[in-house]
There are 2 protein chains.
Amino acid sequence: MDERVPRDFETLRTTILERRHSLPKRIAQIAAYALDNPDDIAFGTAASIAASAGVQPSTLIRFAQQLGFDGFTSLQLVFRERLRERNSSYDERLAALRAKAEEGAGHRAIFDGFVAAASTSLNDISGRLNEDHFEDAIALLAKAETIYVLAKRRSYPVASYIAYALGKLKIRNQLIESAAGLNAEMISFASPRDAVIAISFSPYAPAAIEEARVISEQGVPIVAITDSSFSPLAQFAKVWFEVAEADFAGFRSLSATMALAMALTVAVGEKRRDAGRKRKA
Amino acid sequence: MDERVPRDFETLRTTILERRHSLPKRIAQIAAYALDNPDDIAFGTAASIAASAGVQPSTLIRFAQQLGFDGFTSLQLVFRERLRERNSSYDERLAALRAKAEEGAGHRAIFDGFVAAASTSLNDISGRLNEDHFEDAIALLAKAETIYVLAKRRSYPVASYIAYALGKLKIRNQLIESAAGLNAEMISFASPRDAVIAISFSPYAPAAIEEARVISEQGVPIVAITDSSFSPLAQFAKVWFEVAEADFAGFRSLSATMALAMALTVAVGEKRRDAGRKRKA
DNA sequence: TATGGATTGGAATTATTATTTCATATTGCT
DNA sequence: AGCAATATGAAATAATAATTCCAATCCATA
């Protein structure tokens, strides 16, 4: 075997993708099948796999040999190993990730840490979302003429995704940001028939809090996403959500906030569609 | 076969535990082994498993028969099925949630869907991150004078979080966006001593691709985060990462991309700190 | 369009693996 | 302790599956 044989699934996958275009037709066919149905490769027999993929068993072996394995059996081992690794349960994996991230010094540990933080946050929020608040928030936003989106600094990415999604859903919205320093003017256009989604986490960006105060004094209802009941944002809000994001290396995961924000956005879109349909009928 | 044959792993497990004490010595031995090492049963051969468990192959078959199977092979199927299910459970859950949301099963389903999409994406990326590429990307970015961050539309939130984090870490960076339409000028300042983090997913925003092309022609190395090897972004990149984000209701989760982006950012920060320390010493 | 090389299909062969069988050992019972 | 029933070990056998081989076909190139 003069060529290096991929011994883990990822390397194998990469190798296949690289060579994809230089492979003969039938071999390419089995290659595509293998990447699409890795489980079948792991469990099946050469004959059964070949039949499912619509080729001859010998082709399957040729495929394995092209990749540097000495036969189908050794190729199959890689696919089996993948299943073994993937197998461990979610919680186990999460625990393992955290452990690795903590002990490990290398860069891989940093990556694992961020993945673990994101997973933890998601885990957490899915258990504690208050459904009544969620429905209230949707109702409130669905009847707004314009939805203003307010977030600064670390929360800003969430706001920009909300704005993107609202735009896609054809819901009129305004991201409160202005390179020209015209935020105050922008805010002054908001009326009680509009609504605001405001996002801020400790340490609360003063600008965000101040703008939330002003806008709430204009009678515009606010839906807030923040991190505790002590949040200054909570006091201005008609509805507010508490999201506890885990952090790693000083940077907060945004995954739970993102999920909540997207759910709100899409739910509002749906409610509007339903309302529109009813009005027509 | 007068007794009911367990066809799923949990039932099998329970059955074994119930009968444990009424089993002959060697059979009990293999029973214990089976529950402790289910993966080995799934993949091994009768001979190899028997050897690991310290019994004869025939005992293994007798064990299977006692449980009502007609041989080792049918018992093994249950163990294999277990691996298949474990592995696909996330995708299935997501599919179920999508279906539920489709038929209008309430807003909670939408929220669950976004959480599941995010979890699936994280799960996926943590298994397939290519560590070599990761190290290459870190090295490349760590020695850049200025890191340019390039992403449009749905990827923009990631870019803005990267820019925020780089700023916090005191790493000089430039987000390529300009309300004044000065992107071209901004890009023209980039030199081969700088580097770019570019993020784009299908359908690739033309502006992002075009800017990536221009900037790579200026000799500025690009680290790309994208969704497939066919991505037009990949061809301009020195290093690229494939991130498969699950989507829900038409909106892609950003959780995996975010985790990767943050990991890159923080790792670059660390590498720079280490380098600085070394220079001093 | 003729020719050589590469690719493919399908059956024959070889290898591996499950199962059966039977002799031997162990256990439980009177 | 002695006997029968049960359990076990080891090798023979049967089944299944991987691999090889060769003829047929396809494809690129002159």
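Two residues are in contact if their C-beta atoms, placed from the backbone, lie within 7 Å. The model shown is predicted; local features need pLDDT of at least 70 and side-chain atom pairs count only at pLDDT 80 or more, while totals for chains, interfaces and linings use all residues. Residues are numbered from 1 along each chain as its sequence is written, and chains are lettered from A and ligands numbered from 1 in the order in which they are written.

View 1. Thr226(B) belongs to strand E4 (residues 222-226) of chain B; helices (H or I, at least four residues) and strands (E, at least two) are DSSP runs, numbered from the N terminus. Leaving aside residues up to four places away in sequence, Thr226(B) touches Ser200(B), Phe201(B), Ser231(B), Leu233(B), Ala234(B), Trp240(B) and Glu242(B). A residue is buried if 20 or more other C-beta atoms lie within 10 Å of its own, exposed if 12 or fewer, and partly exposed in between. Thr226(B) is buried because 24 other C-beta atoms lie within 10 Å.

View 2. Leu150(B) lies in strand E1 (residues 147-151) of chain B. With 28 other C-beta atoms within 10 Å, Leu150(B) is buried. Its contacts, not counting residues up to four places away in sequence, are Ala159(B), Ile176(B), Val196(B), Ala198(B), Ala208(B), Glu211(B) and Ala212(B). Ile187(B) is 37 residues from Leu150(B) along the chain, and their C-alpha atoms are separated by 9.9 Å.

**View 3. Division of chain A.** Chain A comprises domain 1 (9-87) and domain 2 (130-279), with bounds from an automatic or database domain assignment. The C-alpha centres of these two domains of chain A lie 48 Å apart. Chain A has 13 helices and seven strands, and 44% of its 281 residues are buried.

**View 4. Helix H9 of chain A.** H9(A) has twelve residues and reaches 16 Å from its first C-alpha to its last, close to the 16 Å expected at 1.5 Å a residue; the expected span is 1.5 Å times one less than the number of residues. The buried residues of H9(A) are Phe134(A), Ala137(A), Ile138(A) and Leu141(A). These residues lie on the same side of H9(A) because they cover an arc of only 100° around the axis, the arc being that of the directions from the helix axis to the C-beta atoms.

**View 5. Contact between chains A and B.** The contact takes 46 residues from chain A and 48 residues from chain B. On the side of chain A that touches chain B, H8(A) gives the most, with eleven residues. By class, this side of chain A has 30 nonpolar, six polar and ten charged residues. Ala, Val, Leu, Ile, Met, Phe, Trp, Tyr, Cys and Pro count as nonpolar, Asp, Glu, Lys and Arg as charged, and the others, Gly among them, as polar.

View 6. A residue is near a strand if its C-beta atom, placed from the backbone, lies within 6 Å of it. Of the 18 residues around DNA strand D, Thr45(A), Ala46(A), Gly71(A), Phe72(A) and Arg26(B) come nearest. Of the 18 residues around DNA strand C, the nearest are Pro24(A), Ser58(A), Ala46(B), Gly71(B) and Phe72(B). The surface near DNA strand C has nine nonpolar, seven polar and two charged residues.
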